[in-house]
Amino acid sequence: MRDQISTERGSKPNVLVITADQWRGDCLSAVGHACVRTPNVDALAKEGTLFRRHYAGAAPCSPARATLYTGLYQMNHRVCRNGSPLDRRFDNLALAARRAGYDPTLFGYTDTAPDPRDMDVNDPHLTTYEGLLPGFTARQLLPEHERQWLSWLRSRGRKDAVSREIHIPVGAAAGEISDAAPAYSREETQTAFLTGEFIRWMGEQDAPWFAHISFLRPHPPFSVPEPFNRMFNPGEGPAFARATDRETEQQGHPYLAYAMPRAGKGSFIHGAEGPLSDWNVADFDAIRSIYYGMIAEVDDQLGRIWQALKDAGEWDNTIIVFTSDHAEMAGDHWTLGKGGYFDGSYHIPLVIRDPGAAAAGGIVDHFTSAADVFPTLCERLGIAAANGIDGRSLAPFLDGIEASGWRDAAFWEFDFRDIAHGEAERHFGLRSNELNLAVIRDNRFKYVHFTALPALLFDLSEDPMELRNLADDPAYASVRLGYAERLLSLRARHLDQTLAYTELTEKGPVSRRP
């Protein structure tokens, strides 16, 4: 069927890559969530392939997206934090798409800090990490300040849309957790804005296209218009994965004791001040219900995109990838946001619909990584990455075939250095390059290796909430050693292999990349 589509069109397929920032992998009705309903993602999965155990490669946004866009683990792309530059030598999906004959076009943002080494120190692009991934043409930028969306709202008569205070629910005070709706409607969200811009652009195309829609939602601030604001009630959903109280949680590891008190409310509710620890059980319940509503709002706009593709006759000519950059703790372990080592930050959705694939409606339970998206698109478009990559193509799964020698565990990394201010370095008395962790997690155990802090080991079959650290239990010494060795072997296999697969011989260079 892959060749059939190209023959019928006389050209290559369209490609649409959609990311919804901070969407948890368990928040799909297709995987059995207790209350969230996502009919449009579910519809895509019925015609494509749903990957149930898909994980981000890192957190927060810039490191996670670097893995998605380059197919490299953090240990190789070295985007450690928001603001870490992406080395210009690395290939990425936009550059690869150009080599395949597309003009890859962005709607939203990529959170890419540029490589500063060939730029003037006064270049304003060096003052933000919200830069543009090399290779993309930007049709409609929408970084976190949202000024483009605010300007659009004002053009529609919303004269009060002068700042992000527009997210404060009507009748609520700044910083108040409220399920009241903001002043803008469901047709005026950031998601609706980008969706409309994409649909208008699609109508201008007369050749196969490659588009990336990068939605900000369900990223905070937690606020959403009607009817999504009260679609879910506080208390709905699965039990929170957390210790009995915040103090017990913080005692679980020195990293938690450092990070949890430093989390601020202002990152999640617009205008809020003070530490996250001021919020109680009811507050977390209320916030999570709003988060679920934000997911429903994005799903609603996805339905609009699906219909536009069908109306334009492009549905069966378009490869669609739906995923996220990283997930959201949503109250698990008494916190919000992303980072650390818990599954809640890294388990993300992935659905791929390739109309040229040999199977549809498949569900994959193998562990997959954000690093796999880039090589998958490369294979589908018939191009090769310009450097070594860590991910593997998911194409066999799209055709309903078991990929041989597939990974038996998820792997991700998190770096908590603070180059600009050095707070973490001073707190722990460690060098910046010692402030990181790596996780290997399979069906039974999860091992967390900190470079210079105590390790963690969880038996997920007995302790799915990750609350009992077994790393220092003598009965689990051999298990800990085994997983530490697996992690060491994984890292050894994935050291940069760009030129390692090439050998100069008397007949010239020989390259054999697996």
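Asp372 is in contact (heavy atoms within 4.5 Å) with Gly391, Arg392, Ser393, Leu394, Trp406 and Arg407, leaving aside its neighbours within four places in sequence. The model is predicted, so local features need pLDDT of at least 70 and side-chain atom pairs count only at pLDDT 80 or more, while totals for chains, interfaces and linings use all residues. Residues are numbered from 1 along each chain as its sequence is written, and side-chain values use heavy atoms, with hydrogens and water left out.

- Asp372 lies in the loop between β8 (362–369) and α11; helices (H or I, at least four residues) and strands (E, at least two) are DSSP runs, numbered from the N terminus.
- Asp372 counts as buried because its relative accessible area is 0%; buried means under 20%, exposed over 50% and partly exposed in between, with a 1.4 Å probe and protein chains only.
- The side chains of Asp372 and Arg407 are joined by a polar contact of 2.8 Å. Such a contact is a pair of N or O atoms within 3.5 Å; within protein, one must be able to donate a hydrogen and the other to accept it, and residues adjacent in sequence count only if both atoms are side-chain atoms.
- Ser393, in the loop between α11 and α12 (395–398), is buried because its relative accessibility is 15%.
- The side chain of Ser393 makes a polar contact of 2.7 Å with that of Glu379 and reaches the backbone nitrogen of Ala395 at 3.1 Å.
- Not counting residues up to four places away in sequence, Ser393 touches Asp372, Pro375, Thr376, Glu379 and Trp406.

**Helix α3**

- The buried residues of α3 pack against β1 (14–20), α4 (74–77), α5 (93–99), β5 (210–215), β6 (318–323) and α11 (373–381).
- Gly71 follows α3 and has a positive phi, near 75°.

**Nonpolar cores**

- The largest nonpolar core has 92 residues, of which Leu16, Phe198, Ile305 and Tyr341 touch the most other members. A nonpolar core is a set of buried Ala, Val, Leu, Ile, Met, Phe, Trp, Tyr and Cys residues joined through side-chain atoms within 4.5 Å.
- Helix α10 (residues 281–311) gives the most to this core, with 14 residues.
- Apart from this core lies another, of 38 residues, among them Tyr69, Val373, Leu377 and Ile383.

**Pocket and cavities**

- The largest pocket has a volume of about 1,200 Å³. On a 1 Å grid over the protein atoms alone, a pocket is an open set of points with protein on both sides within 12 Å along at least five of seven lines, a cavity is a set where a 1.4 Å probe fits but cannot get out, and lining residues have an atom within 4 Å of a point. Points are joined across faces, edges and corners, and a volume is the space filled by probe spheres set on them.
- Of the 46 residues lining the largest pocket, Pro60, Arg81, Tyr255, Lys338 and Phe414 lie nearest its centre.
- Helix α9 (residues 254–259) gives the most to the lining of the largest pocket, with four residues.
- The structure holds seven cavities of 30 Å³ or more, and about 60 Å³ of space lies in the largest cavity.
- The second largest cavity has a volume of about 60 Å³, and Ser62, Ala66, Leu86, Asp111 and Thr112 lie nearest its centre among 13 lining residues.
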